[in-house]
Amino acid sequence: MAHAKSFIAPLSRCNFPSIATSKPEFARLTLLPYQSIRCAATGTSANAAKYKRKEQPGFQKKKKSRSTFIQYDLKNAEQFSLVDAMQYIRAFEVGRNPTSSKYEMHVKLRTLKNGPVIRNRFRLPHPVKTDLRICVICPPDSKAAAEAKAAGASLVGEDEIFNQIKEGIVDFERCICHMDSLQKLNKAGLGRILGPKGLMPNAKTGTVVKDVGTTVRNMVGGSEYRERLGVIRMAVGQLGFTPEEMQRNIKAVMETLKKDIAQMSDRISKEIHEVVLSSTNSPGFSLNGEFRSPNSVPTKDLSNPL
Amino acid sequence: MVNIIKRMRKLRELLWIRVGPGALILPKEVSKISMEFNTKINGGHRGARKFWREMLPRIKYRNPAIPIQISRHNDANGPAKLYIYTSPSSPSSTTDQNSTTTTNSTATQTPETAKPTHTIDLRMVPESQILAELIKATKAEVIEAGEAELSEMRDIEEQKMRSAKDREEVREKLVKERREAELLRLARGEAGLA
């Protein structure tokens, strides 16, 4: 079987191109022995070419890989003052729901590709309020429960929550457990439901705490950032913020960033290269660090709701 | 982060928000503009949406202090209206109109403050006509593009044409290369069988 196939295949391969070619070639087809030899010859050369191709990339592969991200010159870049950027962004967000659109900030760093990344969590002066629902597991009538509720937790309790979760109702995005309730939680056997969602309280992730109130407060108003591919991206404000509020928020972000960079070891150098402000529906505006330019609109105009 | 050249090109094209249809300065009496239309274009809501996407940014850019609200409902037979609210020569009242836009369609059907001064029906009306009616109703002052802006606009247009042509060429080349590679692969696959 294999033999028969191997004879047919080269023949068909030869026939195919010859149809397209000129007449003298067609005449050659009648000489069968010659033809078969020719086919064999082309077959080997194709094989040879295949092996050759395999070898070639090996030689070229020794290209030096880059250890830093590509840097660009900002000399010719168009940069905006904060007020100008906000005027544009508010125009882009016209008619949107002001609670759903957010200002975003992108900070490009000069850093190594394989170095340590910078990450932290802190509170903005004007928190970007997200409707983060937090579940706190602690005895419902304890002092901790009252603290958690005051700090903005949406679900507080023990057995009620366990029953709810067992029924499959998980309507929260974070889960915190008080130290004293940990045993009860472990007994309830919720790991199977909460574990895959990453909601199971655990001392390692810092979700089993003594002081529930402050943890919840930090979670509600806090924001987290992390460097990815040399850029830090984070939400810095709601669309309804005034330029002054945005300025305070951006300043706070930059100060924490600088502090965190300074805290890293001396061998690693990270520098801030570019700061870009954008929003949910707008392009990014590179900021030049100034609050307002000589011909920007008065800040009062940008203060009222969209 | 997006490539710097791409970003800068986009920012250069921001010119469209500064000039063009809709670049106008509304008189001081206008305190608020609100629109109401369907989320889908069926039933003549197309012009309203186009107006929102293309001209409202220009209006908002030139009049940052005027709140503009949009509520979209899910009813194709529902209203498609543009409301213009005016307050007689007291610009401070714009701030107390605490507008919290909700997708709730009743928000603008029964405005909390007062009756709108002008109401424009948007059903089956193209966006350019909406703008014309808005200008007529408010007597807004239209900003004409200057010579420098016009020439820059021409530049951008030219560049866009060039890039479209280049894109076509590159695409042709790519498709050809791919087809050749595919043919080669097929041929080699048969050789492998042999």
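How much area do chain A and chain B bury between them? The two chains bury about 3000 Å², 64% of it on carbon and sulfur atoms; buried area is the accessible area (1.4 Å probe) that two parts lose on being put together, summed over both. The model is predicted, so local features need pLDDT of at least 70 and side-chain atom pairs pLDDT 80 or more, while totals for chains, interfaces and linings use all residues. Side-chain values use heavy atoms, without hydrogens and water.

The contact (heavy atoms within 4.5 Å) draws 38 residues from chain A and 28 residues from chain B. Six residue pairs are in polar contact between the chains, both at pLDDT 80 or more. A polar contact is a pair of N or O atoms within 3.5 Å; within protein, one must be able to donate a hydrogen and the other to accept it, and residues adjacent in sequence count only if both atoms are side-chain atoms. On the side of chain A that touches chain B, α4(A) gives the most, with five residues. One salt bridge is counted between the chains (side-chain nitrogen of Lys or Arg within 4 Å of a carboxyl oxygen of Asp or Glu). E274(A) and R7(B) form a salt bridge through their side chains, at 3.1 Å, N to O.

E274(A) is also among the contacts of H106(A), as is M1(B), leaving aside neighbours within four places in sequence. H106(A) lies in strand β1 of chain A, residues 102–110; strands are DSSP runs (E, at least two residues). H106(A) counts as buried because its relative accessibility is 12%, buried being under 20% (1.4 Å probe, protein chains only). Its side chain makes a polar contact with that of S278(A), at 3.0 Å.

Methods
Residues numbered from 1 in each chain as written. Chains lettered and ligands numbered in written order. Helix = DSSP H or I, 4+ residues; strand = E, 2+ residues; numbered from the N terminus. Buried < 20%, exposed > 50% of the residue type's maximum accessible area, 1.4 Å probe, protein only.
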